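Welcome to this structure. Here are some notes to read with the model open beside you, taken one topic at a time.

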Amino acid sequence: MRVTQGAFSFLPDLTDEQIHTQVQYCIDKGWAVSLEYTDDPHPRNTYWEMWGHPMFDNPDAAALLYELNECRKQFGHGYIRVVAFDSTSGWESVRLSFIVNRPSEEPGFRLSRQEVKGRSIQYTTTPYTTDQPEGQRYR
Amino acid sequence: MTTSTMPWESGGRPSDSTAVSTPAIQKLETATVTEIDLAQEFESSGVRGVLEELDRSLIGLKPVKNRIRETAALLLVERARKALGLAHETPTLHMSFTGNPGTGKTTVALKMANLLHRLGYVRKGHLVTVTRDDLVGQYIGHTAPKTKEVLKKAMGGVLFIDEAYYLYRPDNERDYGQEAIEILLQVMENNRDDLVVILAGYADRMDRFFESNPGFRSRIAHHIDFPDYTDDELLHIATTMLDAQNYRFTDTARTAMAEYIGLRRRQPHFANARSIRNAIDRMRLRQANRLFESAKGPLGVEALSTIEESDLRASRVFRGGLDIDIARDAGKQESQE
C-alpha cells in the first residue's frame, strides 16, 4: 500500500530533476529546506529524524540533492522527505513537505478493531513493518 | 459535414490523422534547429556585455582577458552544439589563478562568476570566498562537515579559495587540511555541473601545492597566470580609483604619482594595485589634513576634490621607504662591510 503523506504523494515518484525544481522553488521563496527520514510510516508519526541541519543559506537546490544522495546511501531503504520551513513572522511553520524516497515494498497497515462497552468499536492502525525493531523494518 | 474537423469525429479515422500529422511535426522540429548564429548568441546571452565590462573595468591583464574570452567562446560553442543535438560534454571549468599580491585575482573571480552565470553554466552565479579557516576544522571529525557546508553553500555558483596552498601543510602530517582537500577533489569531480572551484594564490607556493597534490593539478583545466602591472598601468589604475571617488590629480601631482610608483615598486611588500589603493587612502588623509590646517573660509568642490603634489611628496616612499626598512637595509650593508 502506497503511503500518501505530504504533497505530490498521489503522483508517480518524482525524478531527481523534478525534486530539484520543487526544492529550488522553495529556496527562491526564502524557505529553509531540510531532509528527514524514518522507517515508521504511521500517519501520526509527525516527527521524523532530521538529516543534517535545515539549509537556511544555500541558494541552490543542488546542495539539497547532494545531501539527499548522501541520505539515500544510508537510509535508501526507508522513507525520506523534504521539508520546507518558512521562518517569516506569522508563518514560522512548514510550508511544504513531500516524500522523495520510499521503500521498494510498502506492506501497508493493519487495522485492528477493539470492541468496547456498549457494542462500540475503537479502531487502531499499525504499520505491519513496525513489528520489526527499528532499523530492521525495510530491507 | 465532409470537411468536419470536430474532435469527436476524428476518432472514427485515427489512422488517417496520425499518418499525416506526425512526419510533418518531426520535420518542423528538426527544421527549427539546424543552424545557430553564434554572433547573435553572443549578443543575446549578455556575454558581450560582460566581456566589454571586463575590458573597461580591468586595466592591463592581457593574458587573463584572452583566457576568459577563450573560455566564453568554448561555452558558447558547447551550448550551440547542445542545441543542435551534437555530442557534448560539460567542460570542466575549475580554475587556478596564480599571481603576485594585488594583481586582481579576486576581482576577476567575481566577474567570472557573473560570466558563467550569463552563459548558463552555473545556475545562480554567486561567489563564495573562503580561506583555509572556513574549510578546515579544529578537531577530528570537524573538517568534513565544515567543508561540505561550504561546498553546499557554493553550489550553483563559484567557490573561490583564496591562498589555497595553506590547505596543505607538509610539515604536519596530522593536519586536517588533507581531509578538506580530499572532500574538495571528490565534489569537484562528482558535482561538476553544480559548482566551479577557483583556487588562487602566489605562483611559487601554488606550484609547490600542486606538486604535492597531483590530483588537484589534473582536475583543474585552466591555469591562469596574473602578470604584474606595468608602471603605466598602475598610474592608470590610480587615476581610475581617484575618479571613482570623485578626486583628481593636479598635473604636478600626476608626475609625482608616476615617480612614486617607480620608487614603491623597488621597496619591500609591494602589492601592485593594493599598494596603490593604500597610497591613495593616505593621500586623502594628507589632503584632508592640509585643507583643515590651511583653509581660511569656505571650500568649494574644486578644493575638496584636488590632490596636490604636496599630498604625495610627504610620503615616506620618497625618503626611501619605512624607517624600519631603511634601518634594516643599513644594518645589512654594515654587516656586509
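1. A word on pockets, to begin with: a pocket here is an open set of grid points with protein on both sides within 12 Å along at least five of seven lines. Please also keep in mind that this is a predicted model. With that in hand, how much volume does the largest pocket have? The value is about 540 Å³.

2. Who surrounds that space? The largest pocket has 21 lining residues, and those nearest its centre are Gly102(B), Thr103(B), Gly104(B), Thr107(B) and Ala273(B). Three helices of chain B, namely H6 (105-118), H12 (231-244) and H14 (272-294), each give at least two residues to this lining. Sorted by class, the lining of the largest pocket is made up of 8 nonpolar, 8 polar and 5 charged residues.

3. Staying with chain B, have a look at its open sheet of 5 strands, which is parallel and runs in the order E2-E3-E4-E1-E5. Strand E2 (127-130) and strand E5 (222-226) of chain B are at the edges with a single partner strand each, so one side of each has no neighbour in the sheet. From one strand to the next, the twist averages 20 degrees.

4. Within that sheet, strand E1 (residues 95-99) and strand E4 (residues 196-201) of chain B are joined by 4 bridges in the parallel sense. Helix H10 (residues 203-212) of chain B lies across E1, E4 and E5 of chain B, at about 125 degrees to E4(B).

5. Now for chain A, which has 2 helices and 6 strands. Along the sequence they follow the pattern α-β-β-α-β-β-β-β. The C-alpha trace of chain A spans about 60 × 40 × 25 Å along its principal axes.

6. Which strands of chain A make up its open sheet of 4 strands, and in what order? The order is E2-E1-E3-E4, with antiparallel pairing. Strand E2 (49-55) and strand E4 (93-101) of chain A stand at the edges; each has a single partner strand, so one side of each is left without a neighbour in the sheet. On average, neighbouring strands of this sheet are turned by 20 degrees against each other, direction ignored.

7. Strand E1 (residues 32-38) of chain A pairs with E2(A) in the antiparallel sense over 4 bridges, and Leu35(A) has Trp51(A) in E2(A) as its bridge partner. Helix H2 (residues 62-75) of chain A packs on the sheet and touches E1, E2, strand E3 (79-86) and E4 of chain A. The direction of H2 makes about 165 degrees with that of E2(A).

8. The largest cavity holds about 60 Å³ of space. Its lining includes Arg2(A), Phe8(A), Asp13(A), Phe98(A) and Arg102(A). By class, 7 nonpolar, 1 polar and 3 charged residues line the largest cavity.

9. Finally, where do the two chains meet? The contact takes 13 residues from chain A and 11 residues from chain B. Together the chains bury about 1100 Å² between them, with 54% of it on carbon and sulfur atoms. On the chain B side, Lys124(B), Lys152(B) and Lys153(B) lose the most area to chain A, together 47% of what that side buries.

Definitions and conventions:
Residues numbered from 1 in each chain as written. Chains lettered and ligands numbered in written order. Predicted model: local features only at pLDDT ≥ 70, side-chain atom pairs only at ≥ 80, totals over all residues. Heavy atoms only, no water. Pairing = 2+ DSSP bridges. Axes fitted to C-alpha atoms, helices over the stretch in contact; angles between N-to-C directions. Contact = heavy atoms within 4.5 Å. 1 Å grid on protein atoms, 1.4 Å probe; cavity = no way out; pocket = protein on both sides within 12 Å on 5 of 7 lines; lining within 4 Å. Points joined across faces, edges and corners; volume = space filled by probe spheres on them. Nonpolar A, V, L, I, M, F, W, Y, C, P; charged D, E, K, R; others polar. Buried area = accessible area lost by both parts, 1.4 Å probe.
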